[in-house]
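Trainee: I want to learn how to read a model like this one, feature by feature. Can we start from a single residue and work outwards?

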Amino acid sequence: MRVLVTGAGGMQGRQVMLEYQRRGAEVVYPTHDELDISDYRQVNAATAKVRPDIVINCAAYTNVDNAEVEKEKAFLTNGLGPRNLALACREYAATLVHISTDYIFNGQAGHPYRIYDTPCPLNVYGASKLFGEAAVRETGGKYFIVRTSWLFGPGGKNFVDTILTLAGQKDELQVVSDQHSSPTYTADLAAALAHLAASKVYGTYHTTNSGITSWYGLAKKIVASAGLSEQSNPVRQKTFPGPPPGRHFQHWILFR
Ligand SMILES: NC(=O)c1ccc[n+]([C@@H]2O[C@H](COP(=O)([O-])OP(=O)(O)OC[C@H]3O[C@@H](n4cnc5c(N)ncnc54)[C@H](OP(=O)(O)O)[C@@H]3O)[C@@H](O)[C@H]2O)c1
């Protein structure tokens with residue numbers, strides 16, 4: 001089996017590459033510099049050359065705050081990128097596994113999100129990811145759209161590393177306690193993606209680790225697990241001054 005992993009220099013991409021290597025697949029894993037998914041010609045040429053059975057799209061514009069000012073860039077990568085991949089996969093009969101996000105919802109449902117809940121993104125990042133989902137669906141090839149949340153793992157900018165760094169610098173941390181979700185370990189998600197791709201049961205999925213917590217709950221767990229003694233204090237999101245529009249409003253996001 002041949003697998004093409006896009007965005008392989010990122011946090012999730014690296015784990016997907018390792019997961020498929022572990023499974024004995026032939027894995028081609030270009031970084032952003034080697035394959036820009038927003039360029040159709042590059043995507044088509046790479047797919048024609050590799051002739052993958054499966055393409056896992058881990059490439060994305062993930063800076064949620066910057067997306068508010070770099071809208072074009074966010075839509076190029078998160079919207080047109082998946083469309084380019086879906087078109088190439090259709091042409092070369094490959095299956096596309098595309099990763100999406102909880103940010104396509106507004107976070108106000110008050111219950112765990114189901115795949116049939118209506119998306120309503122509140123920021124550019126969420127809107128660009130939702131456009132990417134629609135582009136994959138309308139292309140009509142074999143696809144999985146896998147929405148996930150709060151990723152953490154080695155080799156990426158994530159909440160676990162941030163808290164460990166801050167805990168080394170401060171005696172007390174103030175952490176938001178009114179946003180909830182399911183933190184998801186990138187290695188677990190990589191295994192789930194490979195499992196799903198093998199199933200051939202195409203469609204849209206919500207895939208996270210189990211359990212629900214807040215940023216505050218997660219921070220407490222991280223500090224305790226690392227054997228540190230910092231005090232974490234719960235605060236409401238609105239006590240943080242001046243967040244830009246569209247930021248930090250995923251009040252209750254959970255996937256099953
Ligand atoms: N992180 C989370 O908490 C989270 C939660 C839910 C869903 N997701 C989704 O999970 C997926 C993986 O996220 P991640 O956390 O692994 O992100 P990441 O660490 O930021 O990795 C994304 C990778 O994509 C690359 N990239 C950006 N634009 C590209 C382009 N036009 N063509 C090719 N590569 C490009 C980036 O390279 P450069 O850095 O060089 O630009 C980076 O290596 C994304 O679809 C994201 O939306 C993430």
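Trainee: Is Arg-51 buried or exposed?

Mentor: Count neighbours. A residue is buried if 20 or more other C-beta atoms lie within 10 Å of its own, exposed if 12 or fewer, and partly exposed in between, with C-beta atoms placed from the backbone. Arg-51 has 12 C-beta neighbours inside 10 Å, so Arg-51 counts as exposed. Arg-51 sits in the loop between helix H2 (40-50) and S3. Its phi is positive, about 50°, although Arg-51 is not a glycine.

Trainee: What are the ground rules for numbers and confidence?

Mentor: Residues are numbered from 1 along each chain as its sequence is written. This is a predicted model: local features need pLDDT of at least 70, side-chain atom pairs count only at pLDDT 80 or more, and totals for chains, interfaces and linings use all residues.

Trainee: Why does Trp-150 count as buried?

Mentor: Same test. Trp-150 counts as buried because it has 22 C-beta neighbours inside 10 Å. Trp-150 lies in the loop between S5 and strand S6 (151-152). Trp-150 also has a positive phi, about 45°, and is not a glycine.

Trainee: How many helices and strands are there?

Mentor: Helices (H or I, at least four residues) and strands (E, at least two) are DSSP runs, numbered from the N terminus. The protein has seven helices and 12 strands.

Trainee: What is the strand order in the open sheet of six strands?

Mentor: Start with pairing: two strands pair if DSSP finds at least two bridges between them. The order is S2-S1-S3-S4-S5-S10, with parallel pairing. Strand S2 (26-28) and strand S10 (203-206) are the edges, each pairing on one side only. From one strand to the next, the twist averages 20°. Angles run from 0 to 180 degrees between N-to-C directions, and axes are lines fitted to C-alpha atoms, for helices over the stretch in contact. Three bridges join strand S1 (residues 2-6) to S2. Arg-2 stands opposite Glu-26 in S2.

Trainee: Which strands does helix H6 lie across?

Mentor: Helix H6 (residues 186-199) lies across strand S3 (54-57), S4, S5 and S10, at about 155° to S5.

Trainee: How do I read the nonpolar core?

Mentor: In soluble globular proteins, nonpolar side chains tend to be buried together. A nonpolar core is a set of buried Ala, Val, Leu, Ile, Met, Phe, Trp, Tyr and Cys residues joined through C-beta atoms within 7 Å. The largest here has 54 residues, and Val-5, Ile-56, Leu-96 and Leu-193 have the most contacts inside it. H3 gives the most to this core, with seven residues. A second, separate core of 10 residues includes Ile-163, Val-175, Trp-215 and Tyr-216.

Trainee: Which residues is Ile-56 in contact with, beyond four places in sequence?

Mentor: Two residues are in contact if their C-beta atoms, placed from the backbone, lie within 7 Å. For Ile-56, these are Val-3, Val-5, Val-16, Val-97 and Leu-193.

Trainee: What covers the buried residues of H4?

Mentor: The cover includes helix H3 (71-91), strand S4 (95-101) and strand S5 (142-148). Among the buried residues of H4 are Val-124, Tyr-125, Leu-130 and Val-136. Just after H4, Gly-140 takes a positive phi of about 80°.

Trainee: And H7: what do its buried residues pack against?

Mentor: Helix H5 (159-169), strand S7 (172-176), strand S11 (213-214) and strand S12 (231-235). The buried residues of helix H7 (residues 215-225) include Trp-215, Leu-218 and Ile-222. Gly-227 follows H7, with a positive phi near 70°.
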